[in-house]
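This briefing goes with the sequence and structure shown below. Keep both in view while reading the points that follow.

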Amino acid sequence: MGKSFMPKIRTERDLKRVQLAGLQWTVNQVYKNSEFYRNRFDEAGVRPKQIKSLKDISKLPFTTAKDLQEGYPFPLRSVPFEKIVRIHASSGTTGKRKVLCYTQKDINDWANMFARCYEMAGLTTKDRVQIAVGYGVWTAGVGFQSGVERLGATAIPIGPGNIDMQCQFLEDFQSTVLCATASMALLMGEEVEKRGLTDKIALKKVIMGSERSSDAMRIRMKELLGVEHVFDIPGMTELYGPGTGLDCLYHEGIHYWADYYILELLNPETLEPVAPGETGEMVVTTLRKEAAPLIRYRTRDLTRLIPKRCSCGSILPMHDRLLGRSDDMFIIRAVNIYPGQIDHLLSGIKEAGSEYQIHLHRKEDGKDYMTVKVERAEGLPPSGDDALTRTIEEEIKKQILVSGKVEVVNYGSLPRSERKSKRVYDHREEA
Ligand code: ZN
C-alpha cells in the first residue's frame with residue numbers, strides 16, 4: 001500500500017474540532033490581511049474572536065460571484081503577492097472572469113485533495129489515467145494531472161477533442177481510467193463502439209467533471225466503454241478547482257472533503273439552513289486556503305445532504321449530485337424548474353435517449369409553453385415514438401407539475417458537445 005490521502009480522523013467530534021480550528025484560523029487570516037473581508041466583517045458587526053463554535057458561522061457575512069467580479073482582478077487576496085505562485089481564472093464568457101490566486105500550500109492541498117479523489121475511486125499507482133478535460137487558465141486539466149502524479153499513477157494528458165489520438169492511446173497504452181466531461185465520455189464511447197475497439201481497450205473507470213449527467217448517460221457510458229464505475233467529481237475554480245469530493249465505489253452519494261471546507265445548504269431565498277436531506281444552495285467556507293479564502297461563498301449550485309453514513313464507513317459526509325444551479329432555474333407558469341429534474345425524469349425511461357433540449361416559447365395567448373426534444377434510445381424503431389411521447393409527457397406532468405409537449409427525434413440528431421451541452425433554449429424574449 002502506498003501513501004493514503006484520507007483524513008486521519010475517526011469520529012465526528014474530531015472532524016468538528018478540525019473544522020472549528022480551520023474556521024478560526026481562516027477568519028483571523030482574512031480579517032488581518034484582506035481589506036475586502038475586513039470591511040465585510042465590520043459591516044456585519046462581527047469580529048474573529050466572536051467565532052467560538054461552528055454554529056457561529058451564521059454570524060459571518062456572505063460572499064458572492066459578484067464580489068469576485070467587482071474586485072477583479074485579485075479579489076479576496078489575503079497574502080502578499082510574493083507568496084502567490086499561480087493564478088487560475090474561470091472560463092466564464094459574460095462579464096469579467098473570476099480570478100483566483102494560489103500559494104504553494106494551496107497548490108499542494110489541491111493536489112492532495114485530488115489524490116484523495118483517485119484513492120476513493122480505488123485507483124493505485126498501477127493505473128493509467130487518460131485526461132481528456134481542457135487544459136488552460138481554468139482549473140480542469142492541471143488539477144486532474146497533479147492529482148494523478150501525487151497519487152503516483154500514470155497521467156496521459158491529452159485534453160479534450162483529438163478523438164483519433166484518444167482512441168489510439170486507449171488501445172496502445174491500455175489506459176484504465178478516463179477523465180472527461182460527461183458529453184465527451186459519451187462521445188468517446190460512441191467512437192469506441194463505431195471503431196470496434198470495445199474488446200481491445202482496458203478502461204475500468206470513468207471520472208466525469210464539471211457537468212451534470214443523467215443516469216441514462218452513465219448506463220450508456222458503461223455499455224459503450226465497458227467500464228465498471230462512473231464517478232462524479234464536483235468542483236469549481238473558487239474552491240481550488242475540481243477534486244473537492246467524489247462518490248466512492250458504493251455510489252451512495254458524493255463524499256466531500258469536510259476537513260478542507262465547511263458546506264452549508266441554505267434556502268436561496270431566506271439564506272437559512274434547509275432541513276437535513278432537503279435541497280438547498282451550497283455555501284462553502286474554506287478551512288485552510290491561504291491566498292483566496294472563501295467565507296460563506298454562495299455557489300448557486302443546488303444539492304442536498306445525504307443524512308447517513310456511507311456503506312464504505314468513511315467519516316467524510318456526502319451530498320447528492322448537483323441538481324442544477326439556482327441561476328439555471330427557469331420559471332414556467334409560476335413553477336420553478338431545474339434542468340436536472342428533466343435529466344432525472346428521462347433517466348427513468350429506458351426508451352428515451354440521454355440527449356435532450358428544453359425549448360420555451362410564449363404564444364399569442366400570452367402563456368408560456370415548454371417543448372422537450374428527446375432522442376429515442378439507440379436501436380429502437382420510430383414506431384414506438386407515440387407511446388414514448390405519451391410516457392414522457394405523463395411523467396413531466398406527474399413529477400414537475402406542468403404540462404410540456406414532447407418531441408421524439410432520431411438517435412444522434414441532437415448536437416453533441418465536447419464541453420457542456422446547452423439544455424435550455426428560452427425563446428420567450430425573441431418575439
Ligand atoms: Zn462511501
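After helix H8 comes Gly226, and the phi angle of Gly226 is positive, near 65°. The model is a predicted one.

- Helix H8 is made up of residues 215–225.
- Which residues of helix H8 are buried? They are Ala216, Met217, Arg218, Arg220, Met221, Leu224 and Leu225.
- Several elements cover these buried residues, including the strands E5 (177–180), E6 (205–209), E7 (229–233) and E20 (352–362).
- Helices also take part in the cover, among them H7 (182–194) and H9 (339–347).

- His255 and Cys310 are both buried.

**The loop between H3 and E1**

- Helix H3 covers residues 65–70 and strand E1 covers 84–89, and Phe81 is in the loop between them.
- Pro73 is in the loop between H3 and E1. The peptide bond leading from Tyr72 to Pro73 is cis, and its omega is near 5°.
- Leu76 also has its place in the loop between H3 and E1. Its phi is positive, about 65°, although Leu76 is not a glycine.
- Is Leu76 buried or exposed? Leu76 counts as buried because its relative accessibility is 2%, and the cut-off for buried is under 20%.
- Phe81 has a relative accessibility of 42%, so it counts as partly exposed.
- Phe81 is also part of a nonpolar surface patch of about 260 Å², which it makes together with Phe74 and Ile87.

- Asn162 is in the loop between strand E4 (154–157) and helix H6 (163–172).
- Asn162 is a residue other than glycine, yet its phi is positive, near 55°.
- The relative accessibility of Asn162 is 43%, and therefore Asn162 counts as partly exposed.

**Salt bridges**

- How many salt bridges does the structure hold? The total is 29.
- One of them joins the side chains of Arg288 and Asp259, with an N to O distance of 3.6 Å. This pair links distant parts of the chain, 29 residues apart. Arg288 is in the loop between strand E13 (280–286) and strand E14 (297–303), and Asp259 is in the loop between E11 and strand E12 (261–266).
- Arg288 is partly exposed because its relative accessibility is 26%, whereas Asp259 is buried because its relative accessible area is 3%.
- Lys398 and Glu395 form another salt bridge, and their closest N and O atoms are 3.2 Å apart. Both residues lie in helix H10 (residues 385–400), at a separation of 3 residues, or about one turn of the helix.
- Lys398 is exposed because its relative accessible area is 59%. Glu395 has a relative accessibility of 17%, so Glu395 counts as buried.
- Asp426 and Arg428 are also joined by a salt bridge, in which the closest N and O atoms are 2.9 Å apart.
- The relative accessible area of Asp426 is 39%, so Asp426 is partly exposed. Arg428 counts as buried because its relative accessibility is 12%.
- Salt bridges also link Asp164, Glu191, Lys194 and Arg195 in a network.

How values were computed. Residues numbered from 1 in each chain as written. Predicted model: local features only at pLDDT ≥ 70, side-chain atom pairs only at ≥ 80, totals over all residues. Heavy atoms only, no water. Buried < 20%, exposed > 50% of the residue type's maximum accessible area, 1.4 Å probe, protein only. Helix = DSSP H or I, 4+ residues; strand = E, 2+ residues; numbered from the N terminus. Contact = heavy atoms within 4.5 Å. Patch = residues over 30% accessible without salt bridge, like charges linked within 9 Å, V, L, I, M, F, W, Y side chains within 5 Å. Areas by Shrake-Rupley, 256 points an atom, 1.4 Å probe, with all protein chains shown as cover. Salt bridge = Lys/Arg side-chain N within 4 Å of Asp/Glu carboxyl O.
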